[in-house]
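Reader: I would like to learn how to read a model like this one. Please take me through it feature by feature.

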Amino acid sequence: MEYVPILLLFVLGFGFAVFSVTIAEVTGPRRFNKAKQEGYECGIEPSPQPVVGGGRMPVAYYLTAMLFILFDIEMVFLYPFAVTADALGVFGLVEIVLFIATVAFAYAYVWRRGGLDWN
Amino acid sequence: MTTPASLPDIDYAGVAPVLIILGAACIGVLLEAFVPRSQRWAVQVVLSLLAIVVAAIALGAYLYTGPQNTSTFAGSIALDRPALFLWGTLLALGLGSILLIADRVVEPGGAFVAQAGIRPGTMLDKEQANRSSMQTEVFPLALFSLAGMMIFCSANDLLSMFVALEVLSLPLYLMCGLARRRRLLSQEAAVKYFLLGAFASAFFLYGVALLYGYANSVKLADIANAAGGTNRSDALLFLGMGLLLIGLLFKGSVGPFHTWTPDVYQGAPTPMTAFMGACTKVAAFGAILRVLMVAFGSTHWEWQTIMWVVAGISMLLGAILGITQTDVKRMIAYSSVAHAGFLLVGVLALDGSGIRATLFYLISYGFTTIAAFGVVSLVRDGTGESTSLSSWAGLGKRSPLLAGIFTFLLLALAGIPLTSGFVSKFVVFAAGMSAGITPLVVLGLIASTIAAFFYLRVIVLMYFSEPAADGPTVTLPGMYTTAAITLGTLVTLLLGVYPSFMLDWAGTGGFVV
């Protein structure tokens with residue numbers, strides 16, 4: 001019996017996915033647009049391959065993705081900290097400040113070395 | 001208002017060496033961001049060397065004043081004698097590696113690339129090979145890796161060990177791809193190491209998951225306790241152990257999990273090969289020793305035969321394949337596979353004398369390796385290092401001092417008396433004999449004899465063949481490489497002539513449970 005909530009959560013998640021797809025299909029407007037036929041690749045044209053750089057992706061994409069993951073992970077830790085900040089006391093505060101500082105170091109590095117310049 | 005959580009007790013004095021190295025690495029990243037390009041190299045070298053020295057002082061102070069055989073971070077980090085000995089070893093070998101990395105005289109600008117993002121083979125790439133700058137991120141990366149290694153060999157639970165494994169591995173993957181010359185080979189090495197390393201990490205994690213299922217804990221001591229009970233599934237325990245060990249043996253380049261070693265050793269920048277050959281070996285075998293003795297010591301009757309076979313395969317593979325090599329870096333790589341087998345003999349003794357022998361072997365092998373790669377980086381021709389064995393012919397006539405030092409180091413690797421290699425092989429095999437694994441020791445002696453052939457072949461080549469007319473030249477080393485080679489050679493000699501003090505240090509205690 002103790003696994004019933006997990007089963008319920010599974011059903012709920014599956015139901016939400018099915019509901020979202022179905023409701024979009026039923027109620028959404030259908031206006032044709034050529035761009036909708038193409039594969040989606042972070043807003044750049046997937047084909048033809050860019051000539052510059054021999055068909056490779058601009059490296060700035062990877063930098064942005066890395067930065068995103070960095071701050072995503074930071075949030076993953078900040079939420080539980082915020083909930084238990086009382087119980088963790090000063091020790092927890094110092095630890096989380098150190099954690100944010102290390103992430104900030106990485107950010108400062110990317111910023112100073114021109115990782116955020118788009119041109 | 002919630003009740004205060006119970007916080008782990010942290011022995012800051014005990015973990016100070018690791019914190020200092022990690023802190024210096026973080027400062028190094030900031031320096032990369034804010035110091036002008038022209039001053040970065042000098043600032044990073046000073047910071048890295050200073051951090052290692054201060055960490056060593058902190059370690060020494062803790063050894064004399066701190067409590068013995070404790071653990072901290074709620075039992076996750078062991079501060080027992082083997083862990084502290086390995087920290088000292090890693091700091092000393094790290095110092096030697098940083099010295100090799102810092103050299104800018106042997107290869108003008110340093111052994112590392114000026115700008116790693118440039119495509120190999122293009123005009124820009126040819127131009128940057130002659131530029132006087134280098135990617136100074138190497139220094140903080142090396143420090144991060146070093147700190148990961150220190151945590152790796154003192155981690156007393158499998159999760160900390162896994163995090164440490166990634167902290168030590170990721171910078172290594174990156175640094176392998178940063179050679180200034182032969183960029184494609186270097187990048188190939190980095191990609192191979194990264195992919196195979198990711199597989200090995202996955203094996204490690206699968207093992208941790210199964211062991212957690214078995215023992216309901218990731219702590220090594222709890223796994224040992226659970227194995228003492230009788231009503232659990234042995235399949236879970238031994239499957240988990242096997243997968244875990246594959247991950248660890250991969251890092252230690254023990255055959256048959258060694259396939260990455262020759263390619264990566266050959267492609268990586270030579271200072272980085274020295275760092276991997278010395279420090280990664282220490283970290284991996286520190287962890288193998290701890291895992292086998294603390295977590296699986298009580299069940300060793302069940303698994304030790306398989307590990308004997310692994311050790312035997314590693315010795316023979318390394319020794320036999322080493323004979324066929326024509327590249328000096330690949331030859332030393334296969335020799336390191338053979339040495340991994342010998343080290344495993346000491347580990348599999350599974351007692352105090354085994355710990356002592358393995359720790360001694362690690363420190364003496366590490367110093368010999370660093371000096372040997374230092375010498376390799378000096379023999380050069382127009383395209384960079386000349387690592388093909390045929391071009392080493394007649395080196396004894398051209399540069400007697402360098403050939404003499406390399407001969408001494410090769411004799412140490414072969415295990416000839418009056419070098420540290422002899423003493424370390426002796427103590428390892430003695431520990432194996434007294435633990436009753438005589439067949440493995442005999443196999444080890446045979447493998448040593450086979451391996452001695454290819455070391456001696458290089459010596460013969462250097463002294464008894466005529467130098468080629470257009471052969472490589474020996475570059476005069478700068479201050480840093482000279483210091484690293486001298487340090488490695490002197491320690492190799494010292495531990496060969498007067499090993500007892502180091503053996504005493506290595507034998508001062510066992511693992512904390």
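Author: Start with burial. A residue is buried if 20 or more other C-beta atoms lie within 10 Å of its own, exposed if 12 or fewer, and partly exposed in between, with C-beta atoms placed from the backbone. Helices (H or I, at least four residues) and strands (E, at least two) are DSSP runs, numbered from the N terminus. Now the case: 15 of the 15 residues of helix 5 of chain B are buried, so this helix is largely enclosed by the rest of the structure.

Reader: What kind of model is this, and how are things numbered?

Author: This is a predicted model, in which local features need pLDDT of at least 70 and side-chain atom pairs count only at pLDDT 80 or more, while totals for chains, interfaces and linings use all residues. Residues are numbered from 1 along each chain as its sequence is written, and chains are lettered from A and ligands numbered from 1 in the order in which they are written.

Reader: How many residues does helix 5 of chain B have, and how far does it reach?

Author: The expected span of a helix is 1.5 Å times one less than its number of residues. Helix 5 of chain B covers residues 138–152, which is 15 residues. From first C-alpha to last, helix 5 reaches 21 Å, close to the 21 Å expected.

Reader: How do I judge the overall form of chain B?

Author: For 513 residues a compact globule would come near 24 Å, and the 22 Å of chain B agrees. Its C-alpha atoms fill a box of roughly 70 × 60 × 40 Å along the principal axes. Chain B holds 20 helices and 5 strands, and 55% of its residues count as buried.

Reader: What share of the contacts in chain B, between residues at least 6 apart in sequence, joins residues at least 24 apart?

Author: Two residues are in contact if their C-beta atoms, placed from the backbone, lie within 7 Å. In chain B the share is 80%.

Reader: How should I read a helix pair?

Author: Look at the axes, which are lines fitted to C-alpha atoms, for helices over the stretch in contact, with angles running from 0 to 180 degrees between N-to-C directions. In chain B, helix 8 (residues 220–228) and helix 11 (residues 270–295) have axes that come within 8 Å and cross at roughly 35°. Helix 8 contributes B:Leu220, B:Ala221, B:Ile223 and B:Ala224 to the contact, and helix 11 contributes B:Arg290, B:Val291, B:Val294 and B:Ala295. By class, that makes 7 nonpolar, no polar and 1 charged residues. Here Ala, Val, Leu, Ile, Met, Phe, Trp, Tyr, Cys and Pro count as nonpolar, Asp, Glu, Lys and Arg as charged, and the others, Gly among them, as polar.

Reader: And a sheet?

Author: Strands of a sheet pair through backbone hydrogen bonds, either parallel or antiparallel. The cut-off for pairing is at least two bridges found by DSSP between two strands. Chain B has an open sheet of 3 strands in the order 4-3-5, with antiparallel pairing. Strand 4 (384–385) and strand 5 (473–474) stand at the edges with a single partner strand each, so one side of each is left without a neighbour in the sheet. Strand 3 (residues 379–381) is joined to strand 4 by 2 bridges. B:Arg380 stands opposite B:Glu385 in strand 4.

Reader: Which backbone details deserve a second look?

Author: Most residues other than glycine have a negative phi, and most peptide bonds are trans. A cis peptide bond joins B:Gly255 and B:Pro256, with omega about 0°. B:Pro256 sits in the loop between helix 9 (234–251) and helix 10 (260–267) of chain B. B:Ser253 is in the loop between helix 9 and helix 10 too, and its phi is positive, near 45°.

Reader: Is B:Ser253 buried or exposed?

Author: B:Ser253 is buried, because it has 27 C-beta neighbours inside 10 Å. B:Leu418 also has a positive phi, near 75°. B:Leu418 lies in the loop between helix 16 (400–414) and helix 17 (420–434) of chain B. With 14 other C-beta atoms within 10 Å, B:Leu418 is partly exposed.

Reader: What does chain A consist of?

Author: Chain A has 2 helices and 0 strands. Of its 119 residues, 0% are buried. A:Val110, in helix 2 (residues 60–112), is partly exposed, with 17 C-beta neighbours inside 10 Å. Leaving aside neighbours within four places in sequence, A:Val110 is in contact with A:Leu63, A:Leu67, A:Gly115 and A:Leu116.

Reader: How many residues of each chain meet at the interface?

Author: 14 residues of chain A are in contact with 13 residues of chain B. The chain A side divides into 8 nonpolar, 3 polar and 3 charged residues.

Definitions and conventions. Rg over C-alpha atoms; globule rule 2.2 N^0.38 Å.
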